[in-house]
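Colleague: I have not looked at this one before. Can you walk me through it?

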Amino acid sequence: MAAARKHKRVAASQPGFLSIKSGNDGNNSNIKLRKRVNKNKKKNWGKYSDIQDVEEFLDDVRLQERTTGGLISEKPDDVLFFVDTGEKAKAKPPAPQTTKKGKRSRPLRIDLILQPDSHIEAPKNILAFQQPNAKKERRMAEKAAKLASKGVVPRRERLLQLRRAAWASGIHLKEKPIANNNPDRSFYDLWSTEAPETADPYYLEQTKRKLIKRPEKLNEKPSALPAIEVVAPGGSYNPDLFSHQDLLREAHEVEVKKKKAEEKIARQLAVNEELATEESIFKEQVEGLIEGDDEEPEEDAEGTAVGPTATQEKKTEKQRKKEKARRILELQRKTERRVVARRQQLYQLKSIRAALKKQEERTKMRQAQRKAKQEAQKSMPRRLGKLKFEAPDLEVQLSDELASSLRSLKPEGSIIKDRFKSLQKRNLIEPRDRAKFKWGNKVKYTEKRAFKEIQ
Amino acid sequence: ESRRRLCILKGIYPHEPKHKKKVNKGSTAPRTFYLLKDIRFLLHEPIVSKFRDYKIFIRKLRKAYGKANWSGVERLKENKPSYKLDHIIKERYPSFIDALRDLDDALSMCFLFSTFARTGKCHVQTIQLCRRLSVEWMNYIISSRSLRKVFLSIKGIYYQAEVLGQTVTWITPYQFAHDHPTDVDYRVMATFTELYTTLLGFVNFRLYQTLNLVYPPKLDGQSEVGLKAEFEEDFALESESYTEKLSALSASLARVVAQVEEEEAELDQFPSEAGEQGNLEAREKVELEQSRQRTLFEGLKFFLNREVPRESLAFVIRSFGGQVSWDKSLCIGSTYEVTDETITHHIVDRPSVGTQYINRFYIQPQWVYDSINGKLLLPVEEYFLGVTLPPHLSPFVEESEGDYVPPEKVKLMALQRGEQPGQPLLQSPCECTRASFSQDIIFTENEEEDDEEEEEEEEEEVEDEPSDDEEEAEDEANLAEMEERRLKGKSLSVKVTPGKVKPENRARAAEEEKAEEKRLAIMMMKKKEKYLYDKIMFGKKRKVREANKLAAKRKAHDDASTTDKKKKKKRS
């Protein structure tokens, strides 16, 4: 931009400057089209001011620069002119051997075409020569050199040296944390009374050095059941006859209940109606065709059936007044009756008292009942998830399965399942289904058409 | 999933809402709910970030594996993030007693996991840790002598101990009784175990401290020397043999301070009012009983045959002061051999034994357990080889008044009271052998057995018999004298004797008075109260009636079975 301006100035100072291209006719047309416009608007400045001459001049300058590498007017004379001293000696005769050689050395035409024909040098790529953060790095290097001259070792170097020294002496600076389930892990006295923190509790909490206090409510157990429920005495490996019988009876009852439920479902799902026989199908098809007489009266009934009449007669003034009077009278009678009843209650005091007492007793009883129910609820498994808690099967050995000695005892049930169910029963975890595996999409089988046709 | 783990570790449990519709956007479909405040509390936990680290670690590891970047895998594994649950334990159990109260679950879980096979169901390290902790616990119970009850059920063995005034119950599975049920969520169980191992570790540490024992447990110096055996290499590697010896439970533990001879710690007696006196006496009585129970097997020497459950029996016997050993090819840590003459009880669980020593009882394992539950050494005859055992009663049942009590228990209670129903208590093996001969139990004695012993025994018998005869003779003489005197007295038919003061039976009078008072009180009852009282009494009576019925039934059954046996015997 600055260069262009400079050229413009140069052109103005040279009135006798001749442009290479003469554009006289263009000037004429411009004059012809001249139009008066307000120049107080910026938009019109560019639009209606005549810059043709400047443009042309600039074009000319660019052309000169491109073709000769600068303004011709600025060139020294000996570049522009030469002394003609007649023809020089003839050019060397083109030798046949050189042609061959020349053919080889001559560049390809395409390369010649692609060669830039402008004499202006391409602008330099500044970024290619620039170093990022050069200044900062230079300064840092200077600082480091200054420190090194003083004998100060940088931090990283120092730490590295320390680490190396530690490694050499066999001490690890940072002990590796031992995993939680490492069988050789150590324990200490967790409940020993340690020195109380003196710092501000708020500060400690905010800096996460002190944990948030655990709410008291979390220490309550979600169920009143004991952790270990000992098996009934009948579950002994060598049980007393009667306690064993008791246990068997219990198991039997559970089994009977299950069976009943199953039977009920089976009963509900059973097909009650008889299967259709040929006769019944025929009857169904024929029905309605034979007995056609009944239809007519039905139609009649439908015809006579009429909906409620839309137009109701309007009430007269007299009727309204009568109704109103009746209403008022009714109200009066009611209030009167109420008053009388209240007065009458004076004489019923005894019975009222009794009724009140009865009611109170009933509420008390209900309260007790509710409380008892709540207590019972505490030891019941709650509904905590999609599935209901299912009590595990009772572990029972039948009389002929009982072992005669400890050696031949065959343990019943599994303890891990018992523990798992106990956790569920005590509401510590919700009952869950076992995770089911899903193997992609379902496979669909089809018969190819060609195969079908063969069959 | 990590949230679920966190909830379990922190002790936050799901909650059943009172109004399902309100919390579930109007739907009543069952879902799992937690309290919002609880979850908010959860987020303050520093472990949350550790879990996150672990998740990232897993992701990086998987990536490194996928790219076969083995050096990267190595480096990652070296820097595996880990976390501790110490602060959670402290937070959940602010005092040591709280932790003790919640130990049932922890113990059962640890004992269970320690029996797992080391196959992929959970980390091998966890199993090893559980084993270590359970062995430590058993060693503590042994040295503190705090075991109270044992019950062999078809599921597993229930133990009950009294630790620092807290009753702790736990269940252990039988050895080799494992199937892995498929409908158990092992991840959840592993999470619980993670918490419980930490808890049990800290509790163990504290308990060892209270007894002045070294933690981690060390074997006592003397017993360690005794345990040196040449068969050690057969059982365990050099590195593991020590822990194995610890888990053998046959030697006592080292103490921080050398143990002083146990003094009888008597209760401090404070002068108190008459009302409390009775209370104090009762407490003293309980104390005495307990100390007697603690030293139940003291001085007895047991030997376990190879078919009995070794660990359970060793644990039980040692925690009541007995000495125990086994065949040295059975397990590491046996202290004496079968041939030891001082062995008093040989526990066998097979119909017959080849070589028998005359100076020891050959009994079935149930005797040990029943004796512990009965708090006294039961007569051994009912537990000899090949004898049908009496039922193993549950010590966890406590009958209230009027309930049906099995006759075996009645007998046991009588024994506890010091009575001797039926057969006399046998105290020495020699007597016992005689008794067993009289009961027609045929011992298959080996010919190879030392003749000397037999001779000795015969000699003893010979010695015994004349003494009996002498006694009888004395008795007869006494009787004759008495008879004579009586006859003499009869001749002087009339005689004036000084009047005797009839001793007033104070206790009886008091009882009568009490009964009278009670009757009067019943008479004075209001109608309503009377009705209730009658109802209660009726219920009690009904209970008694039912119990009687059951007892009669049992008697009939017993009679029938005995007659059957007799018939069979006759036939054979």
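Modeller: What follows goes from the contact between the chains to single residues and pairs.

Colleague: What kind of model is it, and how are residues and chains labelled?

Modeller: It is a predicted model, in which local features need pLDDT of at least 70, side-chain atom pairs count only at pLDDT 80 or more, and totals for chains, interfaces and linings use all residues. Residues are numbered from 1 along each chain as its sequence is written, chains are lettered from A and ligands numbered from 1 in the order in which they are written, and side-chain values use heavy atoms, with hydrogens and water left out.

Colleague: How many residues does the contact take from chain A and from chain B?

Modeller: Chain A gives 71 residues and chain B gives 108 residues, where contact means heavy atoms within 4.5 Å.

Colleague: And what is the area buried between them?

Modeller: About 7,800 Å² is buried between chain A and chain B, and carbon and sulfur atoms give 63% of that. Buried area is the accessible area (1.4 Å probe) that two parts lose on being put together, summed over both. In chain A, the residues that lose the most area to chain B are Phe187(A), Trp191(A) and Ile416(A), together 11% of what that side buries.

Colleague: How many salt bridges and polar contacts are there between chain A and chain B?

Modeller: There are 13 salt bridges between chain A and chain B, a salt bridge being a side-chain nitrogen of Lys or Arg within 4 Å of a carboxyl oxygen of Asp or Glu. For polar contacts, the count is 31 residue pairs, both residues at pLDDT 80 or more. A polar contact is a pair of N or O atoms within 3.5 Å; within protein, one must be able to donate a hydrogen and the other to accept it, and residues adjacent in sequence count only if both atoms are side-chain atoms.

Colleague: Which helix of chain A supplies the largest share of the side that touches chain B?

Modeller: Helix 17 of chain A does, with seven residues. Helices (H or I, at least four residues) and strands (E, at least two) are DSSP runs, numbered from the N terminus. That side of chain A divides into 34 nonpolar, 14 polar and 23 charged residues. Here Ala, Val, Leu, Ile, Met, Phe, Trp, Tyr, Cys and Pro count as nonpolar, Asp, Glu, Lys and Arg as charged, and the others, Gly among them, as polar.

Colleague: Back to the salt bridges. What does Arg554(B) pair with?

Modeller: Arg554(B) forms a salt bridge with Asp240(A), with the closest N and O atoms 2.7 Å apart.

Colleague: Are those two buried or exposed?

Modeller: Arg554(B) counts as buried at 9% relative accessibility, and Asp240(A) is buried at 2%. Buried means under 20% relative accessible area, exposed over 50%, partly exposed in between (1.4 Å probe, protein chains only).

Colleague: What about Arg148(B), which residue does it bridge to?

Modeller: To Glu162(B), the closest N and O atoms being 3.8 Å apart. Arg148(B) is in strand 1 (residues 147-152) of chain B and Glu162(B) in strand 2, 14 residues apart. Arg148(B) is buried, at 13% relative accessible area, whereas Glu162(B) is partly exposed, at 31%.

Colleague: New topic. How many aromatic pairs are there over all chains?

Modeller: The count is 24. Rings of Phe, Tyr and Trp (its six-membered ring) pair if their centres lie within 6.5 Å; planes under 30 degrees apart count as stacked, over 60 as edge-to-face and the rest as tilted.

Colleague: Why is the pair of Tyr158(B) and Phe396(B) edge-to-face?

Modeller: The planes of Tyr158(B) and Phe396(B) are at 70°, with ring centres 6.3 Å apart, so the pair is edge-to-face. Tyr158(B) is buried, with a relative accessible area of 1%.

Colleague: Where is Ser134(B), and what does it touch?

Modeller: Ser134(B) is in helix 9 (residues 124-144) of chain B. Leaving aside neighbours within four places in sequence, Ser134(B) is in contact with Phe111(B) and Ser114(B). Ser134(B) is buried, with a relative accessible area of 1%.

Colleague: Last one: how many helices and strands does chain A have?

Modeller: Chain A has 18 helices and zero strands. Of its 455 residues, 15% are buried.
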